Amino acid sequence: MKNALHKYYPELTGLFVFVLYLFTLGKSLGEFDSGELALAQATLSIPHPTGYPLFSLLGFLFSRIPLPLSTLVKLNLLNSIWCSITIVILIKTTSMLLENLKFILNRKVLDSQTNFDIPQSNKIPVSIFSGLMLAFSATFWLNSTKVEVYSLQIFITSLIIYNSLKIYFRKFNDYKVPLSDNVYKDWLLLAILIGLAFSNHLMTIYLLPATLVLYFFLNGINKQSIKSLTGLFLVVVSIASVFYLLMMFRAQMTPPWSYGDPSNIQRLFDHITAKEYTKHLLTGSEGLLQQGSKLFKMLSFNLNYENFSLGEFGLSLFLGIAGVMLIAILKREIAIYLYLILIVSITTALIYHIPDINEYFLVTFFVMSLSSILPITILLQTFDNKIHIRRMIFLLLAVFVGLQVIINYKYADRSEFFVIEDFFKSSFGELPTNSVILTDNWESILSPALYYQNVEKFRDDVQIISPSGFILFDWYKKIKAVEIYDSNLVIIPRQNTYVAFDVAHRIFDKGILKLPENYTLIPMKNFFKIGKRDLYYPVNFSDRKIRFSKYTFSDSERYIKALIPHMMEQRLLYELVFNKTENAKFLLNEIHKLFPEHNISEVTLRELIKNKIL
């Protein structure tokens, strides 16, 4: 048993992490892109740029495994698997570093008298700590619970880093199997992994500068190394090209969803290079500071009782920061390799202005967790003969991990997260047949609709149209194949046309689109109906049946919690216009009962007083 534990501790730790992940695994859709990405995996559809063909194909194959689970739960589960295996690879990487630590220390920086022959009794717990530090960090853990591209990406990234360091150790330190004289052969596996990584996400670019520098450190800059590098580059491009060409052929088969319609070479190129998203690249210092503040907020502590948080890593953060600083004690090649990954990943993330930027720092967090072994190992080796101090260090490591689990569990737990599903189904369930909805709300409506309408076939009779998409993109008009406004940007009135809150306040209020004469927006349940001013449109006040989370950490849930009472308040005012006082009283009571934290607006209060309801 002891030998098995010593041999398989990375795999056993990964299994432990996976079991704990099962308790927080989502049973429904997650936030942001989960609906669209789940559709892509379930039906081999084409999601937003860059298309993620490897992600879609692997998810599609996994969803076909005959497990007693729904398609969505299987796809969520796959992310837990990727994250758990990533922890196994991280532990193997830290173990390899510890085995070779005495070879890669820069003796000019560190006291050469310190013994760095790391015993198993130190190597195993330190490596496990590094793995658990990442496993239970807030963003990494959250990505194990829902459909997202980043869990697969960080898994492939971990393999690239592991194999890069393995090549280095084989070159200089006789690590198990020495390198051959064939540079191309030795680096081929790494080229294949990088090709697969680019087939999943362009975030792979984070690793290129560091990998190239390590390559030239090991092989020099000469005719042979450049020739081999050219061959390896062709391998990377060939693998990525195959997957993206398959995506183009799939787009030509008119799948349920084909974002950007990459069905020809020009559109495919625009899709792969994310041409549409170049507007999100920052050029000013203000934008950089804004994104930088997000990273700072992710890592910082909030000791406020109501919003208590110890950030991504809890107290383990200090070991991560110390580890990053101590990378400088390693040999130049390794230090530059790791620092380049950190610098490029952070810089690239900071100049990309998108709301869900947290996941772009996962590579940074991986390196922080990896480097955390340095301060721990130095302490353990310094007090090598003092068993009580060593035990105290191990106890503190256990406490640090325990704090991460306790603090981040609520944040990552999606086992009871049904808000997006319930909001979508309750909002659409009572709509008349063949209704039309105008909305740009990606997180709460458009993305979930892609999955529920195309996979579960829930209310697939309802036509959902993004006005912004319709105005900006020809490919989107082609998909929808319906006219929603005339040449004067006036909405064409149809029976049962509804408008979501975001379009009402962004598109109509700003005059981008206009309502026909004598028409107005009638507040219904969670939508506005385009109707005639002088007509009264009744609404069913039945229970909404939305399961809100006990702890609200999702922006989507906050939005829904604010939207519903606001729409109820708008409906209350509408009822008063038509002297439906009893209906107004009912709505007021419902707001107080269901959303006691909602503050009634001054306009509504005046109308309530005017109608002697208050």
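**Helix ends, overall form, a cavity and local backbone features**

The model is predicted: local features need pLDDT of at least 70, side-chain atom pairs count only at pLDDT 80 or more, and totals for chains, interfaces and linings use all residues. Residues are numbered from 1 along each chain as its sequence is written, and side-chain values use heavy atoms, with hydrogens and water left out.

Helix 11 covers residues 223-251. At 1.5 Å a residue, its 29 residues should span 42 Å, and its end C-alpha atoms are 42 Å apart, which agrees. The expected span is 1.5 Å times one less than the number of residues. Helices (H or I, at least four residues) and strands (E, at least two) are DSSP runs, numbered from the N terminus.

The chain holds 26 helices and 5 strands. Its radius of gyration is 28 Å, close to the 25 Å that the globule rule gives for 614 residues, so the chain is as compact as a globular protein of that length. The radius is taken over C-alpha atoms, and the rule is 2.2 Å times the number of residues to the power 0.38. Along the principal axes, the C-alpha trace spans about 90 × 55 × 50 Å. Of the 614 residues, 55% are buried. Buried means under 20% relative accessible area, exposed over 50%, and partly exposed in between (1.4 Å probe, protein chains only).

Rolling a probe the size of a water molecule over the atoms shows where empty space is left. A cavity is a set of points, on a 1 Å grid over the protein atoms alone, where a 1.4 Å probe fits but cannot get out; lining residues have an atom within 4 Å of a point. Grid points are joined across faces, edges and corners, and a volume is the space filled by probe spheres set on the points. The count is 3 cavities of 30 Å³ or more. Helix 5 (101-104), helix 16 (362-371) and helix 17 (373-382) each supply at least two lining residues.

H201 sits in the loop between helix 9 (183-200) and helix 10 (208-219). H201 is buried, at 5% relative accessibility. Its side chain reaches the backbone nitrogen of M203 at 2.9 Å. E333, in helix 15 (residues 332-350), is also buried, at 15%. F501 belongs to helix 23 (residues 501-508) and is partly exposed, at 22%.

Most residues other than glycine have a negative phi, and most peptide bonds are trans. A cis peptide bond joins P49 and T50, with omega about 15 degrees. T50 lies in the loop between helix 2 (34-43) and helix 3 (53-63). Phi of R459 is positive, near 50 degrees. R459 lies between helix 20 (442-454) and strand 2 (463-465), in a loop. N496 has a positive phi of about 60 degrees. N496 occupies the loop between helix 22 (474-480) and strand 3 (497-499).

Methods: 1 Å grid on protein atoms, 1.4 Å probe; cavity = no way out; pocket = protein on both sides within 12 Å on 5 of 7 lines; lining within 4 Å. Polar contact = N/O pair within 3.5 Å; in protein donor to acceptor, adjacent residues only side chain to side chain.
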